[in-house]
Amino acid sequence: LNGINSIGMKMLSFMILGACCAISGAIGVSRMGLINHETLLLDVEMDAILAVAIGGNSLSGGKFNLTGSVIGAYIIQALTITLYAMKVPSMAVKAYKAIVIIAIVVLGSPVVKYYAMQLRDRLFRKPMNETENN
């Protein structure tokens, strides 16, 4: 309705998506040294959800912040590399990532936010002066 060619935009989006997939596939193959389609994209969905959640975006929808998601992706990659450096088995890394996702979801819930605000107000409440009471 506002003059944007929707078919062209969809085509451009799919072309960009294809180029990004080709680049990520090339990076994945160069890191592993072989093409193994079964392990190439293992647990990518969980990493994507975790990157979005760490980036500060709402998991229930709404506004999206790309910069936060990129920072979240760097954080989750650093977590993964750190866990592998600590000799954590690859199956246990998934559990650590799941724990981080659960913690983010719980900390982002409205009930926890409400109680955190109450606690903050109680801890940082300004004392009333004698002159304000009169």
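Helices (H or I, at least four residues) and strands (E, at least two) are taken here as DSSP runs, numbered from the N terminus. On that basis, the protein chain has seven helices and zero strands, and its elements run α-α-α-α-α-α-α from the N terminus on.

A word on the ground rules. This is a predicted model, where local features need pLDDT of at least 70 and side-chain atom pairs count only at pLDDT 80 or more, while totals for chains, interfaces and linings use all residues. Residues are numbered from 1 along each chain as its sequence is written, and side-chain values use heavy atoms, with hydrogens and water left out.

Now to one helix pair. Helix α4 and helix α5 pack at an angle of about 140 degrees, with their axes 10 Å apart; axes are lines fitted to C-alpha atoms over the stretch in contact, and angles run from 0 to 180 degrees between N-to-C directions. That makes α4 oblique to α5, since angles under 35 degrees count as roughly parallel, over 145 as roughly antiparallel, 65 to 115 as roughly perpendicular and the rest as oblique.

The residues in contact (heavy atoms within 4.5 Å) are listed here:

| Helix | Span | Contact residues |
|---|---|---|
| α4 | residues 66-85 | I76, L79, T80, L83, Y84 |
| α5 | residues 90-107 | S90, V93, Y96, K97, V100 |

For the whole protein chain, buried residues (under 20% relative accessible area, 1.4 Å probe, protein chains only) make up 13% of the 134 residues. The chain exposes about 11,000 Å², of which carbon and sulfur atoms supply 69%; these areas come from the Shrake-Rupley method with a 1.4 Å probe.

Technical notes: Buried means under 20% relative accessible area, exposed over 50%, partly exposed in between (1.4 Å probe, protein chains only).
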